[in-house]
Amino acid sequence: MILISHRGNINGRRVPFENQPNYIDTALSAGYDVEIDVWYERESGKLYLGHDKADYQIDIDWLDERSDKLWIHCKNMNSLSYFNEYSNKISSQFNYFSHDVDMGVLTSHNYIWSTNLYNRGILVLPEVFNKEPNEGTMGICSDIIQNYKK
């Protein structure tokens, strides 16, 4: 089972810290994958972390060093286009997706990212949507991800 920290949270929401690079690194060091929110500003060519806006500037090297453990939520069309172009030119190492109010989306590594249950699916925020993983669930993304560690 893939255990994914939602924005770096491990044991409950800590909104002031979500998407901060050090907070994400703490979750990674604890052994979890992490879902992050990424923005790309085409005009400046800069990447940022942040849920509602571009808060923390990062670079592609920061992402690259952690790429095998990150689930990149592209928060604007520029970031989705950036990762699509980057993956086509360089490699397909980044697992990225974009959604707004969709029931589910397919990530670039062919996982279903959803608040419902699907085979080969990542169950998102089961504590919010009152869902329990089943046999076909590949992973869980949660603000209380430590509760799923066995």
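Figure 1. A polar atom in the side chain of serine 79 lies 2.8 Å from the backbone oxygen of asparagine 76. This is a polar contact, meaning a pair of N or O atoms within 3.5 Å; within protein, one must be able to donate a hydrogen and the other to accept it, and residues adjacent in sequence count only if both atoms are side-chain atoms. The model shown here is predicted, so local features need pLDDT of at least 70 and side-chain atom pairs count only at pLDDT 80 or more, while totals for chains, interfaces and linings use all residues. Residues are numbered from 1 along each chain as its sequence is written, and side-chain values use heavy atoms, leaving out hydrogens and water. Serine 79 sits in helix α3, which covers residues 77-89. Helices (H or I, at least four residues) and strands (E, at least two) are DSSP runs, numbered from the N terminus. Is serine 79 buried or exposed? Serine 79 counts as buried because its relative accessibility is 0%; buried means under 20% relative accessible area, exposed over 50%, and partly exposed in between, using a 1.4 Å probe and protein chains only. Beyond its neighbours within four places in sequence, serine 79 is in contact (heavy atoms within 4.5 Å) with Val38, Trp39, Tyr40 and Cys74. Look for arginine 42 too: 37 residues separate arginine 42 from serine 79 in sequence, yet their C-alpha atoms are 8.4 Å apart in space.

**Figure 2. Strand β1 and its two partners.** Find strand β1 at residues 2-6, where four of the five residues are buried. Strand β10 (residues 137-142) pairs with β1 in the parallel sense over four bridges; two strands pair if DSSP finds at least two bridges between them. Here isoleucine 2 stands opposite glycine 139 of β10. Strand β2 (residues 33-41) also pairs with β1 in the parallel sense, over three bridges. Which residue of β2 is the bridge partner of serine 5? That partner is valine 34. Together with helix α1 (residues 21-29), strands β1 and β2 make a right-handed β-α-β unit. Right-handed describes the crossover: with the strands pointing away from the viewer, the path from the first strand over the helix to the second runs clockwise.

**Figure 3. The largest nonpolar core.** This core holds 26 residues, and those with the most contacts inside it are Ile24, Ile36, Trp62, Leu63, Leu70, Ile72 and Phe83. At least two of its residues come from each of α1, β2, β3 (46-49), α2 (60-66), β5 (70-74) and α3. Which element gives the largest share? That is β2, with four residues. A nonpolar core is a set of buried Ala, Val, Leu, Ile, Met, Phe, Trp, Tyr and Cys residues joined through side-chain atoms within 4.5 Å. In soluble globular proteins, nonpolar side chains tend to be buried together.

**Figure 4. Strand β9 and its parallel partners.** In β9 (residues 121-124), Gly121 and Leu123 point one way while Ile122 and Val124 point the other way, and all are buried. Strand β8 (residues 112-114) runs parallel to β9, joined by three bridges, with isoleucine 112 partnered by glycine 121. Strands β9 and β10 pair in the parallel sense too, over four bridges.

**Figure 5. Serine 114 in strand β8.** Serine 114 belongs to β8 and, with a relative accessible area of 2%, is buried. Its side chain reaches the backbone oxygen of methionine 103 at 2.8 Å. A polar atom of that side chain also lies 3.0 Å from the backbone nitrogen of asparagine 116. Setting aside residues up to four places away in sequence, serine 114 touches Met103, Gly104, Ile122, Leu123 and Val124.

**Figure 6. Stepping back to the chain.** How many helices and strands does the chain have? Its secondary structure comes to four helices and 10 strands. Buried residues make up 46% of the 150 residues. Of the contacts between residues at least 6 apart in sequence, 46% join residues at least 24 apart. The C-alpha trace spans about 45 × 30 × 25 Å along its principal axes.
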